[in-house]
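Dear colleague,

Please find below the structure that I am handing over to you. My notes on what was found in it follow directly after.

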Amino acid sequence: MFDTLSDKFIDAFRHVRGKSKISEENIEETLKDVRTALLEADVNFKVVKEFVNVVKEKALGEKVARGVNPGEQFVKIMHDELAHMMGEANEEINLNRPPVIPILVVGLNGQGKTTFSGKLARHLMEKKKKSILLVPADTFRPAAKDQLITLAKSIGVEWFDSDLKMHPKDIALRALEEAAKLHKDIVIIDTAGRLHVDADLMEQIKEVKQAIAALNPEVLLVADAMTGQEAVNVAKSFHEAITLTGVVLSKMDSDARGGAALSLKYVTGVPIRYISTGEKMQDLELFHPDRLAKRILDMGDVLSLVEKAEGMMEEKEALRMMKNMERGKFTVDDFLKQMNMISNLGSMGSILKMLPGMGQVMKQVGDLSPAENEMKKMKVIISSMTKKEREDYKIMKESHIKRVASGSGTSIQSVQDFLAKFRQMEKMMGSMMSMFKGGMPGFPGMGDGGMPEMGARKGFRQAPSMPGPKKSGTGKRGPWGKGYF
Ligand SMILES: Nc1nc2c(ncn2[C@@H]2O[C@H](COP(=O)(O)OP(=O)(O)OP(=O)(O)O)[C@@H](O)[C@H]2O)c(=O)[nH]1
Ligand SMILES: [Mg+2]
């Protein structure tokens with residue numbers, strides 16, 4: 001996502017980095033490169049022209065704040081203008097109104113409407129605690145109904161058993177009646193793909209919208225981000241025909257250029273509400289212009305990372321693990337849960353990119369797949385261990401190791417390596433825990449009671465305070481024990 005643009009921008013900044021003052025001469029080259037980068041990202045040339053002019057004016061006009069170097073100030077101006085171009089703050093659809101709220105999902109063929117309908121249902125159910133009815137209203141392709149029902153089942157959402165012989169507007173009306181009976185908050189109506197130039201089909205979708213107009217429906221267009229300016233043009237046509245309330249850019253995971261995301265709001269006035277970033281049901285993100293601007297400029301997006309991590313592990317489970325760790329108990333099962341949590345966040349590359357400056361660091365590191373493969377291998381080995389072994393790996397004798405090796409399709413050496421690594425981790429965990437318990441000279445706030453900030457976050461109670469200093473069982477000091485520093 002935005003990879004190429006990001007690289008080109010960072011490269012363009014070299015002309016202003018380290019300069020004591022921003023002048024017409026030294027930003028000339030930078031602005032030229034910025035302009036080329038945006039055009040290559042498939043941003044409309046008029047938008048590019050305006051963007052570059054504004055950035056130039058601001059960069060030359062602005063007084064350099066004390067303590068900030070001109071290069072940093074230039075990046076800040078770029079950030080603000082990029083965020084502005086993409087629409088400033090995220091506006092999620094308005095859910096603060098009485099049910100039933102209809103959401104009509106429209107767009108060209110094969111753009112990801114059905115997939116998005118499922119993703120949105122899951123998101124609104126899990127994050128907004130809404131009850132949803134999914135409505136298949138693609139009367140041209142019967143398989144589309146099955147596709148939506150399969151998705152509905154996979155996410156545990158109810159669907160409406162539409163009669164595909166009916167006009168989509170009647171399906172929508174029936175579904176709304178049913179939703180009211182079932183006390184649902186929201187209906188999501190998945191419609192057939194249609195070309196914006198097909199007059200008959202555009203007429204049909206107008207009729208659907210008119211039929212439910214009294215309920216003030218959200219009308220979301222799903223557009224493939226990879227099609228760049230074409231997506232912008234399609235959004236314009238649909239907006240003129242049926243007045244959209246938002247756009248969803250799909251297949252952002254495959255779009256390295258980003259032209260549609262950058263200029264759609266600017267050109268059409270319709271806000272981008274969500275981005276679809278994969279085929280799985282959890283691959284949906286809110287469109288946050290300011291955060292995306294940060295990602296493009298390799299300033300990181302820690303907020304999104306924290307939000308992704310939230311809710312991954314139940315509070316009860318987190319407390320149980322914490323208690324066990326306090327007792328110096330860290331099991332293979334705990335380790336597996338932590339690995340799964342990380343995998344659920346996405347690929348290592350996508351997680352690291354959300355940290356400031358990591359985009360460039362990763363370029364130097366190169367391929368992250370060996371680390372990912374290593375994690376996969378460890379998971380396979382763990383899944384071949386019995387429950388007892390996972391609770392206490394020390395009971396594993398040679399025969400156990402042999403069994404796990406053949407069960408996981410790895411080798412005895414691999415299992416032994418894993419156990420050795422785990423032993424190392426367990427040791428480290430023990431040392432860290434005794435460090436928290438005993439307090440560490442020179443590290444304020446880490447004395448008794450653990451880290452004070454831990455309880456402050458929403459959803460996490462204060463970690464139970466830990467008892468006073470504990471004598472290490474072996475008498476040895478771990479790598480971070482007292483006296484090491
Ligand atoms: N990589 C990627 N693939 C996606 C995304 N969204 C949808 N797809 C894939 O795109 C293909 C089409 O998706 P659908 O949801 O069936 O598209 P549609 O707009 O409902 O298609 P029609 O109903 O035929 O017009 C499927 O193979 C999806 O798995 C996405 O965000 N990323
Ligand atoms: Mg479909």
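The secondary structure of the protein chain comprises 20 helices and 8 strands; helices (H or I, at least four residues) and strands (E, at least two) are DSSP runs, numbered from the N terminus. This is a predicted model, in which local features need pLDDT of at least 70 and side-chain atom pairs count only at pLDDT 80 or more, while totals for chains, interfaces and linings use all residues. Residues are numbered from 1 along each chain as its sequence is written, chains are lettered from A and ligands numbered from 1 in the order in which they are written, and side-chain values use heavy atoms, with hydrogens and water left out.

Overall figures

Of the 485 residues in the protein chain, 46% are buried. Here buried means under 20% relative accessible area, exposed means over 50%, and partly exposed lies in between (1.4 Å probe, protein chains only). The chain exposes about 25,000 Å², of which carbon and sulfur atoms supply 54%; accessible areas come from the Shrake-Rupley method with a 1.4 Å probe, and for residues only the protein chains shown count as cover. Among contacts (heavy atoms within 4.5 Å) between residues at least 6 apart in sequence, 73% join residues at least 24 apart.

The sheet

An open sheet of 8 strands has the order S3-S2-S4-S1-S5-S6-S7-S8, and its pairing is mixed. Two strands are taken to pair if DSSP finds at least two bridges between them. At the edges stand strand S3 (158–159) and strand S8 (284–286), each with a single partner strand, so one side of each has no neighbour in the sheet.

Strand S1 (residues 101–106) is largely enclosed by the rest of the structure, because 6 of its 6 residues are buried. In a regular strand, side chains alternate between the two faces of the sheet. In S1, Ile 101, Ile 103 and Val 105 point one way, whereas Pro 102, Leu 104 and Val 106 point the other way. S1 pairs with strand S4 (residues 186–191) in the parallel sense over 5 bridges. Within this pairing, Ile 101 stands opposite Ile 186, and Asp 190 is the bridge partner of Val 105. S1 also runs parallel to strand S5 (residues 218–224), to which 4 bridges join it; there, Ile 103 stands opposite Glu 218.

Helices

Helix H5 (residues 113–126) packs on the sheet and touches S1, strand S2 (132–137), S4, S5, S6, strand S7 (272–276) and S8. The direction of H5 makes about 170 degrees with that of S4, where axes are lines fitted to C-alpha atoms, for helices over the stretch in contact, and angles run from 0 to 180 degrees between N-to-C directions. H5 is mostly covered, with 10 of its 14 residues buried; among them are Phe 116, Leu 120, Ala 121 and Leu 124. At 1.5 Å a residue, the 14 residues of H5 should span 20 Å, which agrees with the 20 Å between its end C-alpha atoms; the expected span is 1.5 Å times one less than the number of residues.

Helix H17 (residues 369–383) has 15 residues that should span 21 Å at 1.5 Å a residue, and its end C-alpha atoms are 21 Å apart, which agrees. Met 375, Met 378, Ile 381 and Ile 382 of H17 are buried. They cover an arc of only 125 degrees around the axis, which puts them on the same side of H17; the arc is that of the directions from the helix axis to the C-beta atoms. Pro 370 and Lys 376, on the other side of H17, are exposed.

In helix H14 (residues 332–345) one finds Asp 334, which is buried with a relative accessible area of 1%. Leaving aside its neighbours within four places in sequence, Asp 334 is in contact with Arg 320, Met 321, Asn 324 and Lys 329.

Backbone details

The peptide bond from Pro 99 to Val 100 is cis, with omega near 5 degrees. Val 100 lies in the loop between helix H4 (70–86) and S1.

Two residues other than glycine may be noted for a positive phi. Asp 42 has phi near 70 degrees and lies in the loop between helix H2 (24–40) and helix H3 (45–61); Asp 42 is buried, with a relative accessible area of 19%. Lys 251 has phi near 55 degrees and is found in the loop between strand S6 (246–250) and helix H10 (259–268); Lys 251 is partly exposed, with a relative accessible area of 30%.

Yours sincerely
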